[in-house]
Structures are given as structure tokens and as C-alpha cells.
Amino acid sequence: GAVAPESAGERDVLRLAFEGESWVEIKDGRGKLLLSRVNPRGTEHVLYGKPPFSLAIGNAAQVKLVYNNKPIDLIPHINAYGGTARLSLN
């Protein structure tokens, strides 16, 4: 899994770990859809792209999100009713 040097500085890394089933939709800064699917419990996803990222994460209390090695707390972004977190990352 070595990364070619020319791509290293250009792309940001999103890592999601699902402790419960979660529907996720993520778009990059160009509006390109990087992920749109239901993710089973116990799976992980690593995505690369250019910020700003726009994220919608269902069942967000069960999802761990790390952005460029920095954990992101989803709790403040969770909608009071549906449990879906919506946020953007720059």
C-alpha cells in the first residue's frame, strides 16, 4: 500500500469504521460521489479525494470517522430525529 509521492500531498484521507449498519453518502470538493451505500456492521472504508467533503452518515452514533488521522466527533452533527449526521470537512 505505498502511495506514490506525487499523489501524497494532493489527496485527503477519510477513514470510516462501522460499529453498526450505516447508510453513507460522501461527495468530494468537485461534487463527485465517492460513496453512496449501506455499510454493514464491522466494515471499514478508506476514501481519498479533494476537500471540501460533504458527508451524510446514517446511524452516526455507530460510526467512527477519522479525517487525515484526526478523529472527528460526529455527535454534534447528528440530527435529533433520524440519527443522521451531516457535515462538511475542509
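His-45 is buried, at 19% relative accessible area (buried is under 20%, exposed over 50%, partly exposed in between, with a 1.4 Å probe and protein chains only). The model is predicted: local features need pLDDT of at least 70, side-chain atom pairs count only at pLDDT 80 or more, and totals for chains, interfaces and linings use all residues. Residues are numbered from 1 along each chain as its sequence is written, and side-chain values use heavy atoms, without hydrogens and water.

**Around His-45**

His-45 sits in strand β4, residues 44-49 (strands are DSSP E runs of at least two residues, numbered from the N terminus). Leaving out residues up to four places away in sequence, His-45 touches Leu-14, Arg-15, Leu-16, Phe-18, Leu-35, Arg-37 and Asn-39 (contact means heavy atoms within 4.5 Å).

**Salt bridges**

The structure has three salt bridges (a side-chain nitrogen of Lys or Arg within 4 Å of a carboxyl oxygen of Asp or Glu).

| Pair | Closest N and O atoms |
|---|---|
| Glu-44 and Arg-15 | 3.9 Å |
| Lys-64 and Glu-19 | 3.6 Å |

Glu-44 lies in strand β4 and Arg-15 in strand β1 (residues 12-18), so their bridge ties together parts 29 residues apart in sequence. Glu-44 is exposed at 52% relative accessibility. Arg-15 is partly exposed at 39%.

Lys-64 bridges to Glu-19. This pair links distant parts of the chain, 45 residues apart: Lys-64 is in strand β6 (residues 63-67), Glu-19 in the loop between β1 and β2 (22-27). Lys-64 is partly exposed at 45%. Glu-19 is partly exposed at 40%.

Glu-25 is partly exposed at 25% relative accessibility. Lys-27 is partly exposed at 33%.

How values were computed. Helices (H or I, at least four residues) and strands (E, at least two) are DSSP runs, numbered from the N terminus.
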